[in-house]
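Have the structure open and follow along.

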Amino acid sequence: MSEKALQYIKENRETLLGKLNDFLSIPSVSTDSSYQKDVSNAADFIITYLNDIGFENVEKQETEGHPLVYGEYNGAGKDAPTVLFYGHYDVQPAEPIELWESDPFKPEVRDGRLYARGSSDDKGQVFMHLAVFEAYMKTEGKLPINVKVCIEGEEEIGSENLYRILNEKQEKFQADFAVISDSGMAEKNQPTILYGLKGFTGIEITVNGPDHDLHSGMYGGAIRNPIIALSHILASMKDENEVVTVDGFYDDVEPLDDEERKLMEKAPGEDFVTATGVPETVSEAGYTPKEHTMGRPTFEINGIYGGYQGEGTKTIIPSSATAKITCRLVPGQDPEKIQQLLEDHINKAAPSGITVEVKKEKLSAKAYKVEPTHPLIEKAASSYTKAFGKDTVYLRMGGSIPVVEWIEAIYHIPIVLLGFGTPEDRLHSPNESFPLDSFDKGMETLIYYWDGVKN
């Protein structure tokens, strides 16, 4: 079956690329209300495409925000597996526009890359799946598997309504496994299995002192400075060896075994020093930078502010100081428990003479991991290798994709992350692009994969 579908995507490559350009030309910026109509138009594009392909029960599910697109294909038969394909059609704002070399919503090919907002994240990758479904239907009249499509318009604003929909309509979205293409490869043309994602949680600390800023000459020595108090608290939470010193922080961490450490060592990795301009890397004592970013939890202070920020000097004791903290979590760690441990530590470490407020981040997620030896993962790896002509490498990502944890928690099914982006794609930045190699070989990968999992 795959040969006809492969031939179709090759013979119709320019037509498919033109259709993708039409999709990318819709400025579906979810965070800006002035683009609300455009976001809806992008959903309509997908609905029209699914109907043209031959999907059933295609619908635009309205939410309190932007719509979700749903569709089904059940023509593969009861014995064939059902996959839940998730993606998103909303994009980040394009600003600052002046830094783009071409119009972000007028796709342009330069040096083997397609430049447009959403070309990699995630319209381009979503489209590849739809194009492959089209190829099968045009050549065989059916797909090798049953499919449920869930493509949302709010991923870039935290998937505000998705969790509720997935939870309330469990039977509708239930499947044997899920596939998501909203990630990338270790480097261009290097097939990569992403078998784990970190969880995420965070807090905000505000240290309050006097009820207004004070003259430091008149009150210095009698009133505790909130910025200094906050600095003491923060310094007590992590040591110079990058070890988090909050009691209980590591208690539930799933350890890295020798096999995983070998997988991480084999995988190509970014040269952190060259890429970031730092003099040297630092990581948790006993672990390499790769191991720490992929498989160990992190604690980061993302912002700190308080007091006078203007030019020159203003001799005050500020009334308050605030810090924002986030943690990336690994399997075994519970976000709510981590938040409580952080709050407990802060309350113990807080000196006298001030009060402390802790706000807990609502958008938290547990880590996700699937065993690299799972049959669905092994089939994905072989499909990648066949299409790209290189052995597939295995990675766990330091970032988080909350929908992955939601699908696993609600449906208890394996999730396969089939990503085709590259580190050079400039996601969320001006001049976002997607390699045409990934477009072509990615569709080949998907065809090999659907053929591989049909039985």
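## Starting at Lys4

Lys4 is partly exposed, with a relative accessible area of 48%; buried means under 20%, exposed over 50%, and partly exposed in between, using a 1.4 Å probe and protein chains only. This lysine belongs to helix H1 (residues 2-11). Helices (H or I, at least four residues) and strands (E, at least two) are DSSP runs, numbered from the N terminus. Leaving aside residues up to four places away in sequence, Lys4 touches Thr139 and Glu140, where contact means heavy atoms within 4.5 Å. The C-alpha atoms of Lys4 and Asp176 are separated by 26 Å, and the two residues are 172 apart along the chain.

A word on the source: this is a predicted model, in which local features need pLDDT of at least 70 and side-chain atom pairs count only at pLDDT 80 or more, while totals for chains, interfaces and linings use all residues. Residues are numbered from 1 along each chain as its sequence is written, and side-chain values use heavy atoms, with hydrogens and water left out.

Helix H2 (residues 13-24) packs against H4 at an angle of about 140°, with the axes 10 Å apart. Axes are lines fitted to C-alpha atoms, for helices over the stretch in contact, and angles run from 0 to 180 degrees between N-to-C directions. H2 and H4 are therefore oblique to each other; angles under 35 degrees count as roughly parallel, over 145 as roughly antiparallel, 65 to 115 as roughly perpendicular, and the rest as oblique.

At this meeting point, Leu16, Lys19, Leu20, Phe23 and Leu24 of H2 meet Lys123, Gly124, Phe127, Ala131 and Glu134 of H4.

## A covered strand

Next, look at strand E2 (residues 68-73), where 6 of 6 residues are buried. Leu68, Tyr70 and Glu72 lie on one side of E2, with Val69, Gly71 and Tyr73 on the other.

E2 pairs with strand E1 (residues 56-61) in the antiparallel sense over 4 bridges; two strands pair if DSSP finds at least two bridges between them. E1 and E2 form a hairpin with 6 residues between them, and Lys60 has Val69 in E2 as its bridge partner. E2 also runs antiparallel to strand E6 (residues 146-152), joined by 5 bridges, and there Glu72 has Lys148 as its partner.

## The four-stranded sheet

Further along, 4 strands form an open sheet in the order E11-E13-E9-E14, with antiparallel pairing. Its edge strands, each pairing on one side only, are E11 (298-306) and E14 (355-360). From one strand to the next, the twist averages 20°.

E11 and E13 (residues 320-329) share 8 bridges, with Thr322 in E13 as the bridge partner of Tyr305. Helix H8 (residues 226-235) lies across E9 (199-208), E11, E13 and E14, at about 20° to E13. Helix H12 (residues 335-349) also packs on the sheet, touching E9, E11, E13 and E14, and its direction makes about 25° with that of E9.

## Nonpolar cores

The largest nonpolar core has 102 residues, and Phe55, Ile407, Tyr449 and Trp450 have the most contacts inside it. Such a core is a set of buried Ala, Val, Leu, Ile, Met, Phe, Trp, Tyr and Cys residues joined through side-chain atoms within 4.5 Å. Helix H4 (residues 123-139) gives the largest share, 10 residues.

Apart from this core lies another of 23 residues, among them Leu230, Phe299, Leu342 and Ile354.
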